[in-house]
Amino acid sequence: MSKGKKLVYVSEDLCEEAKKASRELGYSLTKFVESSVALGLSAAKLGYTPERASEVLGVLRAQRALGGAFVPQGVLNLIAEGPEELREELLRASYEAGLAHGRYLREKSQDPVQSLKALLEVTRWDLNEVEVERGGRAFKLRCVSTSHTTRATELLAKFVEGLISGLGYQVQRIDWMRGIIIAEFRAMP
């Protein structure tokens, strides 16, 4: 690989942000820019855009901050199918976890609804699809999983309800059946 240098034009605003970030990290500007480009290339090799890689890292940071853990779907299904006397407690805990995640994302994210989508896509709920439709101040969320049991879907629906509320949105409705959740919500006036 050539050790030569290339001139690349970058906006002044981005250069100023890079200078600030490099100083905070104790890097030279050159090292910071080269590391950033290398990270972008590494993300691309994994099939991620730099923006998507940043979303994934943001979700991992939120999970770590909130004590989240990645759990295999089979384990989650076993927990969800546990004793009936634990059902209400599991639903309450799932809602509260969603609420905490929503509040965290509301504080840390510039686009809370995009963060909600990224969180559901990245965390191990084994969702085949996560779609968000925006319509002014109203939103529709659809989650689909082919591996969820009915009770695991119910737990996720409670998590989603808490998540939406924690983001500061008003839940209009949540419908669910095994493997499918549809939620409608809107921004608070």
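For what follows, Ala, Val, Leu, Ile, Met, Phe, Trp, Tyr, Cys and Pro count as nonpolar, Asp, Glu, Lys and Arg as charged, and the others, Gly among them, as polar. This is a predicted model, in which local features need pLDDT of at least 70 and side-chain atom pairs count only at pLDDT 80 or more, while totals for chains, interfaces and linings use all residues. Residues are numbered from 1 along each chain as its sequence is written, and side-chain values use heavy atoms, without hydrogens and water.

The structure contains one cavity of 30 Å³ or more. A cavity is a set of points, on a 1 Å grid over the protein atoms alone, where a 1.4 Å probe fits but cannot get out; its lining residues have an atom within 4 Å of a point. Ala80, Arg87, Leu90, Leu91, Arg151, Glu154 and Leu155 line the largest cavity. Of these lining residues, four are nonpolar, none is polar and three are charged.

I turn now to the sheet. Four strands form an open sheet in the order β1-β2-β4-β3, with antiparallel pairing; strands are DSSP runs of E, at least two residues long, and helices runs of H or I, at least four, and two strands pair if DSSP finds at least two bridges between them. β1 (129–135) and β3 (169–177) are at the edges with a single partner strand each, so one side of each has no neighbour in the sheet. Strands β2 (138–144) and β4 (180–187) are joined by seven bridges. Opposite Leu141 stands Ala183 in β4.

Methods:
On a 1 Å grid over the protein atoms alone, a cavity is a set of points where a 1.4 Å probe fits but cannot get out, and a pocket is an open set with protein on both sides within 12 Å along at least five of seven lines; lining residues have an atom within 4 Å of a point. Grid points are joined across faces, edges and corners, and a volume is the space filled by probe spheres set on the points.
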